Amino acid sequence: MPTITQTGEKTRIAYIDLLKGVCIVLIVAIHCNLFSEERNVAPALTAMRVVPLFFFLSGLFFRPYSGLREFLVRKINTLLVPYLFFQLAFGTGLLLTAALTHTLGDYSPVALVRFFTVDNGPLWYLRCLLVINLVYYALDRLIAEPAELAKVPHIDYVREAGSEG
């Protein structure tokens, strides 16, 4: 029986939280290059398992929102604001590094703008999580009840094909 705790409005399942914590530790270990060929652990293979599992666990308990406004406010505060903050910090760090090393003049204006728009390694996760949450929200609005999935023609076809044998 899973340990379930109630904290305010949220109900937490201990083994899900534990699994998410293990995923976070493994992802940090991958980013710190603790898994490498020299240690007989393939980092790509580990990442191919851990990252999708973390995405799955992040969306496992997607809750319905009362409306688009509530959803957008929540996601802007929890995903977009941190993304923009860290992207700005990353770009500022690149500019400062270029200024301190006296290489700022080596960059074109376009390159300087790219300091704030480049793919900042770990921030891809926040962008992807925002997009997948938008997909979840759209599906939640399009499919009022999980039973509605049974009305999809492909699923009916598969069900009928399975009963003929």
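**View 1. The cysteines in a chain with zero disulfides.** The structure holds zero disulfides, a disulfide being a pair of cysteine sulfur atoms within 2.5 Å. This is a predicted model, in which local features need pLDDT of at least 70 and side-chain atom pairs count only at pLDDT 80 or more, while totals for chains, interfaces and linings use all residues. Residues are numbered from 1 along each chain as its sequence is written, and side-chain values use heavy atoms, with hydrogens and water left out. C23 is buried, with a relative accessible area of 2%, whereas C128 is partly exposed at 33%. Here buried means under 20% relative accessible area, exposed means over 50%, and partly exposed lies in between (1.4 Å probe, protein chains only).

**View 2. The helices and strands of the chain.** The protein chain has six helices and two strands. Along the sequence they come in the pattern β-β-α-α-α-α-α-α. Helices (H or I, at least four residues) and strands (E, at least two) are DSSP runs, numbered from the N terminus. Of the 165 residues in the protein chain, 20% are buried. Among contacts with a separation of 6 or more, 62% join residues 24 or more positions apart; a contact means heavy atoms within 4.5 Å.

**View 3. The largest nonpolar core.** A nonpolar core is a set of buried Ala, Val, Leu, Ile, Met, Phe, Trp, Tyr and Cys residues joined through side-chain atoms within 4.5 Å. The largest one has 15 residues, of which C23, I27, F54, F55, Y125, L126 and L129 touch the most other members. The elements that give two or more residues to this core are α1, α2, α3 (68-100) and α5. The largest share, five residues, comes from α2. In soluble globular proteins, nonpolar side chains tend to be buried together.

**View 4. L126 and L129.** Which residues does L126 contact, leaving aside its neighbours within four places in sequence? They are L79, P82 and Y83. L129 lies in helix α5 and is buried, at 12% relative accessibility. With neighbours within four places in sequence left aside, L129 is in contact with F55, S58 and L79. The C-alpha atoms of L129 and G59 are separated by 8.8 Å, although these residues are 70 residues apart along the chain.

**View 5. The second largest pocket.** This pocket has a volume of about 290 Å³. On a 1 Å grid over the protein atoms alone, a pocket is an open set of points where a 1.4 Å probe fits, with protein on both sides within 12 Å along at least five of seven lines; lining residues have an atom within 4 Å of a point. Grid points are joined across faces, edges and corners, and a volume is the space filled by probe spheres set on the points. The lining includes I24, I27, H31, F54, P122 and W124. Two or more lining residues come from each of α1 (14-31), α2 (43-59) and α5 (124-142), and α1 gives the most, with five.

**View 6. H102 in its loop.** H102 sits in the loop between α3 and α4 (109-114). What is the phi of H102? The value is positive, about 60°, although H102 is not a glycine. H102 is exposed, at 70% relative accessibility.
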